Amino acid sequence: MSAVEDVVTEAPAVEAVPKRAMTLGLGTSLVVLAALVLAPLFVKNFIIFQMTMLLIYGLAVLALNILTGGSGQFSLGQSAFYAVGAYLMEHVGMNYALTLPIAGLICFGFGFLFGQPALRLSGVYLALATFALATAMPQLLKLGFFEHWTGGVQGLVVTKPDAPFGLPMSQDMWLYYFTLVITIGIYIASVNLLRSRSGRAFMAIRDNEIAASAMGVDVALYKTLAFGVSAGITGVAGGLGAIAVQFVAPDGYTIVLSISLFLGMVVGGVGWLPGSIVGSAFIIFVPNIAEGISKGLSGAVFGVLLFLVIFLVPHGARQIAIVAQQLIGKLKK
């Protein structure tokens, strides 16, 4: 247990990310945006669906990155907030575009309230508390008392919306572009948040909680605020995921999802927001690659691939981006 505690408590001490290093350069951002906009025009609907899930999981990883990379708090309970957002898409009774912000606000409230008792915890103890939340949520959703709303173990079917205004595009393509707009908006808002006074307070708490308190930072407020913001974005991702998959069930929101999101954050680079998409791609596509290599030993192959990634780039995709920037700088000279 002590070894695990050492790992968890030391993780926030990862090299602090400068403000400019939190995002991509303007030129790179435009290239990535152009690729995301144009790609669906040349691929089949299944690929569009995978790209939509890439953006959705990227949002969930970004939310965790704000919590862990921004404020230094650990959470293995993101699947619970993801589940709340997913179920709200079926029960709010409003247009899906209006339901998403409502789901985000409700999940923000849940996250903020959960952050209150979590204030007394840190490191491995906070991780275990959120682990308990993620473990309990699927069981709670299966209870007979909630079965009328959750559908119990059988789950609920969610309708995928058609393109509005008679636009000549498939449901998958419309949902992809809708998700892309939401993702870009939340990404820009997240960047501005981390560059704001609140973001500086988050990072001060991450680097040294005692020093932050001595400088006048309201540690309790900002720690719970970070939990709320992270939960709110995760709830929006859960709502989008429910529409994309067209189905919600308790077994789809287990601790495995939380661990996958945490893994995506580590692979993408803790504290580097663009790495959220890289981490999302890893947790979506690498398991398929592992199964293609060996169906019987797909778990072992995935473990080996993960070990190689962590061994070669211990700081995730952010480390690759830093090396690439250094090489470009040398070539310019």
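## Helix α9 and what covers it

The buried residues of helix α9 are covered by elements that include α3, α8, α10 (209-214) and α11. Contact here means heavy atoms within 4.5 Å. This is a predicted model, in which local features need pLDDT of at least 70 and side-chain atom pairs count only at pLDDT 80 or more, while totals for chains, interfaces and linings use all residues. Residues are numbered from 1 along each chain as its sequence is written, and side-chain values use heavy atoms, with hydrogens and water left out.

In α9, the buried residues are Gly199, Ala201, Phe202, Met203, Ala204, Ile205 and Arg206. Buried means under 20% relative accessible area, exposed means over 50%, and partly exposed lies in between (1.4 Å probe, protein chains only). Helices (H or I, at least four residues) and strands (E, at least two) are DSSP runs, numbered from the N terminus.

## How α3 meets α9

Helix α3 (residues 45-71) and helix α9 (residues 197-207) have axes that come within 7 Å and cross at roughly 60 degrees. Axes are lines fitted to C-alpha atoms, for helices over the stretch in contact, and angles run from 0 to 180 degrees between N-to-C directions.

On the α3 side, the contact is made by Thr68, Gly69, Gly70 and Ser71. On the α9 side, Phe202, Met203, Ile205 and Arg206 take part. By class, the contact of α3 with α9 has three nonpolar, four polar and one charged residues. For this count, Ala, Val, Leu, Ile, Met, Phe, Trp, Tyr, Cys and Pro are nonpolar, Asp, Glu, Lys and Arg are charged, and the others, Gly among them, are polar.

## The nonpolar cores

The largest nonpolar core has 70 residues, and those with the most contacts inside it are Tyr82, Ile233, Val248 and Tyr253. Helix α11 (residues 219-245) gives the most to this core, with 12 residues. A second, separate core of seven residues includes Ile48, Met51, Tyr177 and Leu180. A nonpolar core is a set of buried Ala, Val, Leu, Ile, Met, Phe, Trp, Tyr and Cys residues joined through side-chain atoms within 4.5 Å.

Leaving aside neighbours within four places in sequence, Tyr253 is in contact with Ser79, Tyr82, Ala83, Ala86, Tyr87, Ala134, Pro138, Phe247 and Val248. Tyr253 also forms one aromatic cluster with Tyr57, Tyr82 and Tyr87.

## Aromatic pairs

A search of the whole structure finds 13 aromatic pairs. In the pair of Phe74 and Phe262, the ring centres are 6.1 Å apart and the planes are at 35 degrees, so the pair is tilted. This pair links distant parts of the chain, 188 residues apart: Phe74 is in the loop between α3 and α4 (78-91), and Phe262 is in helix α12 (residues 255-268). Phe74 is buried, with a relative accessible area of 7%, whereas Phe262 is partly exposed at 21%.

The rings of Trp174 and Phe178 have their centres 6.0 Å apart and their planes at 35 degrees, so this pair is tilted. Trp174 and Phe178 both lie in helix α8 (residues 171-195), four residues apart, about one turn of the helix. Trp174 is buried at 16% relative accessibility, and Phe178 is buried at 13%. Rings of Phe, Tyr and Trp (its six-membered ring) pair if their centres lie within 6.5 Å; planes under 30 degrees apart count as stacked, over 60 as edge-to-face and the rest as tilted.

## Some buried positions in other helices

Ser258 is in helix α12 and counts as buried at 0% relative accessibility. Not counting residues up to four places away in sequence, Ser258 touches Leu76, Gly77, Gln78, Ser79 and Ala134. Thr99, in helix α5 (residues 96-118), is buried at 0% relative accessibility. With neighbours within four places in sequence left aside, Thr99 is in contact with Leu88, Met89, Val92 and Met94.

Ala317 is in helix α15 (residues 317-332) and is buried at 11% relative accessibility. Beyond its neighbours within four places in sequence, Ala317 is in contact with Val267, Gly268, Gly269, Trp272 and Val278. The C-alpha atoms of Ala317 and Ile293, 24 residues apart along the chain, are separated by 24 Å.
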